[in-house]
Structures are given as structure tokens and as C-alpha cells.
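Subject: Structure handover

Hello,

Here is the structure for you to take over.

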Amino acid sequence: MPELPEVEVVRRGLEQHVQGRTLVGPEVLHPRAARHNTTPRDVEKHLDGAVVQAVERRGKFLWLVLGDEALLVHLGMSGQMLMKGPEETTHRHLRARVHLDDGNQLWFVDQRTFGYWSVVPLIDAPVPSAHQRIPASIAHIAPDLLDPTLDLSDLARTVKQKDTELKRVLLDQRVVSGIGNIYADEMLWQAGLHGRQRASRIATSRLVSLLEAGQSVMEHALLQGGTSFDDLYVNVNGESGYFDVSLNAYGQQGKPCPRCGDAIVREEFMNRGSHFCPTCQKEY
């Protein structure tokens, strides 16, 4: 599933192409492409003639600001927001599309149909963040590590209050958003912490260093276009991300740790894999 850097790459691309544009002739072509109290006809009705005032993101969600409401987009496992020229006609996994007043098209392509578009009212953000208003349906989602207003010391104290495994806390989108399995493993490796350590037993200063590592990893990923392991994730121009060539822990099982040379280990965690160095990242 795309994580924060991948979604931010898409957001930046959309901002360049659709901000200030009027949406025309929207079509929702698959019933699962409209979700959460939004029908396909609702999406078509609210988008037709709307002007995109901004393109925003929190964690793994992005949205197009349309006045007092927004088109909320979740990419799911395989969703792609693609810009297409006026001559393009269809795609086997095309789920929704809308024309722009400059003649181009915005397509939502989703092979596995876990992603969706939803028209949602904007409300005042319940906690201080870079966004004064956010879609109502994601008001419970916490600000993410790249939010410029985020206080890492405050967040570290919040993490320390959780008496559970550290990686589980990092993946809790109500604590901090945008971190998925890939970036959790990478930031834990960089900080020299094991994901099964109890968050409450780790010094606040080390938790701050962990969060700083998360920021560093994500900023590095943004410079390289995000992470991609197959052709399902692409940016709005259809170009694949390639941060995976720089991964130190995730997916590197059996390979030497770049720091100490011992083999990276993979173990099951929360129905997914965790990757770590057993020498550099002690569980106890």
C-alpha cells in the first residue's frame, strides 16, 4: 500500500496539473470507486463544474479542496491518479475520470478496487496542524511526520504513554499518520530500535531520535520519488518510484546489515513482515 512519501509525490503532481482548474463531465465507472456514504452519482454531481482550489494531504489520504467540501482520495492497494491527454479513451482498470477545462483528463485507475473517491464536507481541524480544515471523515487521523507544525517532543511523549510494542504504535494512524510497514522498518533500523520493544520503556530522547529518523527516511524517499516494488504504484505521469534501491532493512532479509554486516532478519508481525538487524536492534 502506498505510504506517505508515495501519496505526497502524487499530491505534488496533481497540484501542478489540477489546481485552479474546473472539473467537467465526471464519470464513476465502477461502483466500488465511490465509498463512505458517497454514491457514484453523488461524486458526479458534486464534481461537475467544481473548481479545484488546492490539493492537500494528511498521512496516506489526499484531497482536492472544492470550496466547503473535498474530493477525498484513498489509493488503497493499487490506486493510481493519472493525468491523461484528451485523446486517451480508456484503460482496463479505469474506475473513474473527470475532464479538466484545459482538455486534459484526471483518471483513477485501480486494479484491486480497494481505493476510492468520496465527497466529504470540510471541517475545522480538531488538533493544531498545517491544515486549518480537513475532510470530516478523516478528522481522527493524526498529523504526520512531515507536517511543519508537528512538535516532535510532544509526539515522543505521546508515544511513550503507550504500553505496547513500538512498531504497533508507529502504525497507529491515530498517533501519527502516514507510517506504514516499509517506513516503520526503515526508521526503526536507522534509530537502532527494535519494533517489539515496549514504547513506554524507551527514553523520550530516543523516541525523538526515532521520529527524526522517520522524517529523514521520508524526505529521502520523496527526493527519489517514493517506494515501488512493482508497476502498481506510479506518480501522475506514470513514472514508477525507486526508493526501494536505498532500503536498509525492509525486504532485505538474508542480506548483510549496512551498519554491522550481520544478516537482516524477517519475522511475522501484525499479519505482515518486520525486517531488522538482530545485532543493531536489540529487542531487550
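Predicted model: local features only at pLDDT ≥ 70, side-chain atom pairs only at ≥ 80, totals over all residues.

Residues are numbered from 1 along each chain as its sequence is written, and side-chain values use heavy atoms, with hydrogens and water left out.

Sheet

Helices (H or I, at least four residues) and strands (E, at least two) are DSSP runs, numbered from the N terminus. An open sheet is formed by 5 strands in the order S2-S3-S4-S8-S9, with antiparallel pairing; two strands pair if DSSP finds at least two bridges between them. At the edges are strand S2 (54–58) and strand S9 (133–135), each of which pairs on one side only. On average, neighbouring strands of this sheet are turned by 35 degrees against each other, direction ignored. Within the sheet, S3 (residues 61–66) and S4 (residues 69–74) are joined by 6 bridges in the antiparallel sense. Trp-63 has Leu-72 in S4 as its bridge partner.

Two helices meet these strands. Helix H1 (residues 4–18) lies across S2 and S3 and runs at about 175 degrees to S2. Helix H2 (residues 40–47) packs on the sheet, where H2 touches S3, S4 and strand S8 (116–124), and the direction of H2 makes about 60 degrees with that of S8. For these angles, axes are lines fitted to C-alpha atoms, for helices over the stretch in contact, and angles run from 0 to 180 degrees between N-to-C directions. Contact means heavy atoms within 4.5 Å.

Cores

A nonpolar core is a set of buried Ala, Val, Leu, Ile, Met, Phe, Trp, Tyr and Cys residues joined through side-chain atoms within 4.5 Å. Buried means under 20% relative accessible area, exposed over 50%, and partly exposed in between (1.4 Å probe, protein chains only). The largest nonpolar core has 30 residues, of which Leu-145, Val-159, Leu-166, Ile-179, Met-187 and Leu-210 touch the most other members. Helix H3 (152–160), H4, H5 and H6 each supply at least two residues of this core, and its largest share, 8 residues, comes from H6. Apart from this core lies another, of 28 residues, which include Val-18, Val-43, Leu-100 and Trp-117.

Leu-170 is placed in helix H4 (residues 166–170). Leu-170 counts as buried because its relative accessibility is 1%. Leaving out residues up to four places away in sequence, Leu-170 touches Val-176, Ile-179, Met-187, Leu-188 and Leu-210. The C-alpha atoms of Leu-170 and Asp-144 are separated by 11 Å, with the two residues 26 residues apart along the chain.

H5 is mostly covered, with 9 of its 11 residues buried. Among the buried residues of H5 are Tyr-183, Asp-185, Glu-186 and Trp-189. The cover over the buried residues includes H1, H4, H6 and strand S11 (272–276). Just after H5, Gly-192 takes a positive phi of about 70 degrees.

His-194 is in the loop between helix H5 (181–191) and helix H6 (204–224). His-194 counts as buried because its relative accessibility is 4%. The side chain of His-194 reaches the backbone nitrogen of Arg-196 at 3.0 Å. Not counting residues up to four places away in sequence, the residues that His-194 touches include Leu-166, Leu-188, Glu-267 and Phe-276.

Record annotations

UniProt positions are given in the numbering used here, feature names are shortened, and annotations may be inferred rather than shown by experiment. An unreviewed UniProt entry gives "binding site" for His-93, Arg-112 and Lys-162. Spread over 70 residues of sequence, they are also spread in space, up to 41.3 Å between C-alpha atoms.

His-93 is in the loop between strand S5 (79–84) and strand S6 (94–100). With a relative accessible area of 15%, His-93 is buried. Leaving aside neighbours within four places in sequence, His-93 is in contact with Phe-108, Val-109, Asp-110 and Gln-111. Arg-112 lies in the loop between strand S7 (105–110) and S8, and is partly exposed, with a relative accessible area of 37%.

For "domain: FPG-type", UniProt lists residues 248–282 in an unreviewed entry. Over residues 248–282 the chain is 0% helix and 29% strand, with the end C-alpha atoms 16 Å apart.

Regards

Note on methods. Polar contact = N/O pair within 3.5 Å; in protein donor to acceptor, adjacent residues only side chain to side chain.
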